Amino acid sequence: MTRPEEFQRRSHLYRVCREAGAQWRAMNGFGVPAHYGDVGGETAAAARLAIADLTALPRAGYKGWGMADWIRDQGVSLPEPNRALRQEDGTLACRLSSGELLLLADDDQAALIDRLGHAWSMDDAVCFPVPRADASARLVVTGDDSAAMMAKMCGVDLRSHRFADHDIAQTSVARMNVIVLRHDRGASLAYDLIFDSASAVYLWGCLVDAMAEFGGRIVGLNAIDALRG
Amino acid sequence: MKIMPCPLNGPRNISEFSCGGEVEHLPPPDCDHATWIDYVYLENNTRGIVREWWYHTPTAYWFVAERDTRTDEILRTWPAGEFLAEFGERR
């Protein structure tokens, strides 16, 4: 059986997920929770209300006054600040301000993120890399009840008719600074949360507590992949 | 709950922000100690309309807000770049 300790990279949440009964698979050098022993039930729960740890998925950030010009030169299409735009290879380019970009991949095929990592060099830098892969954690909240649950933890109105797919709110969630990205999976409402990885166990606990009244579940990546179709 | 209209993020709970103090003229580098002390440590504490630096913590974003200290009403906000372009880089 695959165990997270067999991998060099682990999410800050691996102990929490292990105690919840996670069954692991390899991704991007991490051991990630594939499921918790009930794939069918988890997939059904993901359409109602569920959370999953996506910390293993590749991501990167670039920041600086010259970011926009440099990133366009690399062939990236930029959205307006606080919006995300899907690139040709599927990577989401999330513009956090005029001079800051966050790149998120939804699987371990992170061609654009790898290419930018090789293209950037200190010698001719007009922006600098932000260590998102290591310093940030990424969770997802999915399902019809996710907006109602998030309303317990966040002052920004995230309801689907007010907060469109690929909108971004950089705000306070459970008193933490969190980047909230609405990123629907298939027809299912979903919010990705990107935040300081050192507080992942705290925020995970807050989410588990908040979703209890709605009957939400912890699910593995297989259930999230099933939503994406 | 008090709401701050952030130029980057839109209207947000004031608890997401920190005040960075009044916008002031930077003294010339060769000014005397009393002028530097006044600039660095002493607040004007104006009763009326002031312009202040504000910081949105989740985005690490600095901007300028115009506020009436008598009513605590926020009248206007600018991105830092727009403010400096409008009022000069030494304000």
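Predicted model: local features only at pLDDT ≥ 70, side-chain atom pairs only at ≥ 80, totals over all residues.
Local features here need pLDDT of at least 70, side-chain atom pairs count only at pLDDT 80 or more, and totals for chains, interfaces and linings use all residues. Residues are numbered from 1 along each chain as its sequence is written, chains are lettered from A and ligands numbered from 1 in the order in which they are written, and side-chain values use heavy atoms, leaving out hydrogens and water.

**View 1. A:Arg18 and A:Glu5 form a salt bridge.** The term means a side-chain nitrogen of Lys or Arg within 4 Å of a carboxyl oxygen of Asp or Glu. Here, the N to O distance is 2.2 Å. A:Arg18 lies in helix α1 (residues 14–19) of chain A and A:Glu5 in the segment before α1, so the pair ties together parts that are 13 residues apart in sequence. A helix is a DSSP run (H or I, at least four residues), numbered from the N terminus.

**View 2. A:Arg3 pairs with A:Glu6 in a salt bridge.** Their closest N and O atoms are 3.9 Å apart. A:Arg3 is partly exposed at 43% relative accessible area, and A:Glu6 is partly exposed at 47%. Buried means under 20%, exposed over 50%, and partly exposed in between (1.4 Å probe, protein chains only).

**View 3. In chain B, B:Asp72 meets B:Arg67 in a salt bridge.** The N to O distance is 2.8 Å. B:Asp72 is partly exposed at 33%, whereas B:Arg67 is buried at 16%.

**View 4. Salt bridges link five residues of chain A into a network.** The members are A:Arg86, A:Asp106, A:Arg138, A:Arg185 and A:Asp192. Over all chains, the whole structure has 25 salt bridges.

Conventions:
Helix = DSSP H or I, 4+ residues; strand = E, 2+ residues; numbered from the N terminus.
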